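Subject: Structure for your review

Dear colleague,

Please find below the structure that I am handing over to you. My findings follow directly after it.

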Amino acid sequence: PFGGRPAGRRSVVWPVSPMSMVLPLLWVAAAAAAATAPLAARAQTPVTSENGGCRAAAPTLAATAVTDVAANCGAAANTLCTVTCATFTQLTSSTDAATLAAITSPACVEVLAGETVVGKLRLRGTGADCVIVRANGAFVGNIDLDGGDDVLELAAGATVRGDVDMGAGADCVFANNRGTVYGEVEMADGDDAVYLDEGAVVHGDVEGGAGADVVVVGDTGGVGAAVAEDVELGDGDDSCVMQSGTMARSVKGGDGADQVVLLGALVRRVELNDGNDRLEVARDTVYAATTAAATGTPTRAAVIDARTGDGTDCVGVNGGQGSTATVSRFTTSDGADDVVLFGGAAVGARNVQLGDGSDSLSMFSGALINSRLSLGDDADAFYVAESVNNVVVNGDVNAGAETNAVQIDDTSAAEFVLIN
């Protein structure tokens with residue numbers, strides 16, 4: 001019973017040390033109990049789509065791409081932030097500090113294409129302001145737009161060499177086609193949006209502040225963008241989507257129901273605070289499910305350290321049967337959390353730790369846990385779905401102090417392998 005092949009077609013390598021022999025007996029008993037008490041109410045139902053993960057639906061975003069700047073402020077394809085500008089105050093390389101200081105809110109301001117403006121732009125008041133840096137233009141200095149529903153747009157090759165403070169209000173920052181901010185972007189309080197598209201870069205932090213914020217990095221065509229430091233979403237029900245070829249040092253959520261979706265993105269650390277949060281780490285969906293499209297190979301998604309706070313959280317890792325989605329260290333906190341590993345997901349080169357609460361861990365075809373697995377205290381559920389590729393846990397399994405339920409579907413030729 002501790003090294004042979006159990007009934008069915010999966011090969012299970014049971015632990016054989018004296019201290020761990022009790023695990024197979026509890027495992028078999030739990031599996032038998034699961035036969036009469038299915039885990040449908042406890043564990044995730046099988047994921048059938050390439051971008052399934054644990055997300056209930058696609059992110060609810062106003063737009064997922066940024067078009068070139070329109071004649072009026074606000075990207076033409078985006079209805080979230082639009083400031084109508086009949087005329088613009090035009091800035092050129094000859095604009096001096098006195099001219100900048102004389103501009104008052106509400107204002108529509110543009111740095112003309114190819115021009116470089118040096119100084120500080122500070123628009124006090126609660127008017128709806130619009131600032132556009134046209135193609136290959138540059139603003140050297142800080143931009144402070146204070147209160148109001150404001151918009152900042154960077155056209156192709158445009159730069160801001162300083163910090164951006166959008167102030168309170170429902171604000172938007174658009175950076176398109178190598179638009180770059182050499183500083184921090186602070187959105188402050190309000191329902192804000194940041195779109196970084198086609199090679200756009202923020203060399204400092206992106207800070208959302210309180211409110212329901214949206215941060216989109218990269219586009220769906222595989223052109224990367226980057227945040228060199230941290231994406232800090234702040235308190236509120238926030239969304240962050242990082243798409244193919246994008247990078248950030250970390251993504252941090254505040255209190256609230258946050259959603260973070262990493263599709264072919266590389267992020268060192270994801271840290272979600274208290275609230276009912278969702279995290280999905282998946283290879284990009286530009287490419288076919290199991291083979292590379294003509295335009296290239298699948299873009300890998302990777303997170304070194306992922307942590308969630310208290311609340312009912314859901315984490316999905318989906319590699320699309322190609323081992324192209326990895327999380328090296330993964331920890332959840334208190335709450336009834338769901339974790340789903342699907343199709344080439346590799347989790348836990350260091351550790352997988354589920355906190356207190358009645359958690360569920362579901363593994364689908366090709367999933368791999370390559371470290372110690374701890375389910376934490378309280379009654380947890382462990383579910384292995386019918387698979388076409390092996391499902392492997394390569395490490396110790398600590399089920400905690402409570403009675404847990406295990407269900408292993410066994411209707412295919414693939415194997416479930418437990419090694420320690």
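D144 is buried, at a relative accessible area of 14%; here buried means under 20% relative accessible area, exposed over 50%, and partly exposed in between, with a 1.4 Å probe and protein chains only. D144 forms a salt bridge with R124, and their closest N and O atoms are 3.4 Å apart. (A salt bridge is a side-chain nitrogen of Lys or Arg within 4 Å of a carboxyl oxygen of Asp or Glu.) This pair links distant parts of the chain: D144 belongs to strand β7 (residues 143-144), whereas R124 is in the loop between β4 (121-122) and β5, 20 residues apart. Helices (H or I, at least four residues) and strands (E, at least two) are DSSP runs, numbered from the N terminus. R124 counts as partly exposed, with a relative accessibility of 39%.

The model is predicted, so local features need pLDDT of at least 70 and side-chain atom pairs count only at pLDDT 80 or more, while totals for chains, interfaces and linings use all residues. Residues are numbered from 1 along each chain as its sequence is written, and side-chain values use heavy atoms, with hydrogens and water left out.

Further salt bridges

A search of the whole structure finds 11 salt bridges. One of them joins the side chains of R134 and E110, at 2.8 Å from N to O. This pair, too, links distant parts of the chain: R134 sits in the loop between β5 (130-133) and β6 (138-140), and E110 in strand β2 (residues 108-111), 24 residues apart. R134 is buried, with a relative accessible area of 18%, and E110 is buried at 7%.

R249 and D230 form another salt bridge, with the closest N and O atoms 3.0 Å apart. Because R249 lies in strand β20 (residues 247-252) and D230 in strand β18 (residues 226-232), the pair ties together parts that are 19 residues apart in sequence. R249 is partly exposed, at 40% relative accessibility, whereas D230 is buried, at 7%.

The disulfide

How many disulfides does the count come to? The count comes to 1 disulfide, a disulfide being a pair of cysteine sulfur atoms within 2.5 Å. The link is between C85 and C108, whose sulfur atoms are 2.0 Å apart. The angle about the S-S bond is -75°, and the link of C85 and C108 is left-handed. C85 lies in the loop between α1 (22-36) and β1 (89-91) and C108 in strand β2, so the pair ties together parts that are 23 residues apart in sequence. C85 is buried, with a relative accessible area of 4%, and C108 is buried as well, at 12% relative accessibility. A further cysteine, C240, is buried at 0% relative accessibility.

The protein as a whole

The protein has 2 helices and 36 strands. Of its 420 residues, 53% count as buried. The accessible surface comes to about 16300 Å², of which 53% belongs to carbon and sulfur atoms; such areas come from the Shrake-Rupley method with a 1.4 Å probe, and for residues only the protein chains shown count as cover. Among contacts (heavy atoms within 4.5 Å) with a separation of 6 or more, residues 24 or more positions apart account for 40%.

In soluble globular proteins, nonpolar side chains tend to be buried together. A nonpolar core is a set of buried Ala, Val, Leu, Ile, Met, Phe, Trp, Tyr and Cys residues joined through side-chain atoms within 4.5 Å. The largest nonpolar core has 76 residues, and those with the most contacts inside it are L196, M242, L262, F330, L341, L361 and F382. Apart from this core lies another, of 14 residues, among them V83, I132, F174 and V214.

Two single residues

T159 is found in strand β9 (residues 159-161) and is buried, with a relative accessible area of 12%. Leaving aside residues up to four places away in sequence, T159 touches V133, G137, A138, F139, T180 and Y182.

Y383 has its place in strand β32 (residues 381-384) and is buried, at 7% relative accessibility. The C-alpha atoms of Y383 and Q407 are separated by 4.9 Å, with the two residues 24 apart along the chain.

Yours sincerely
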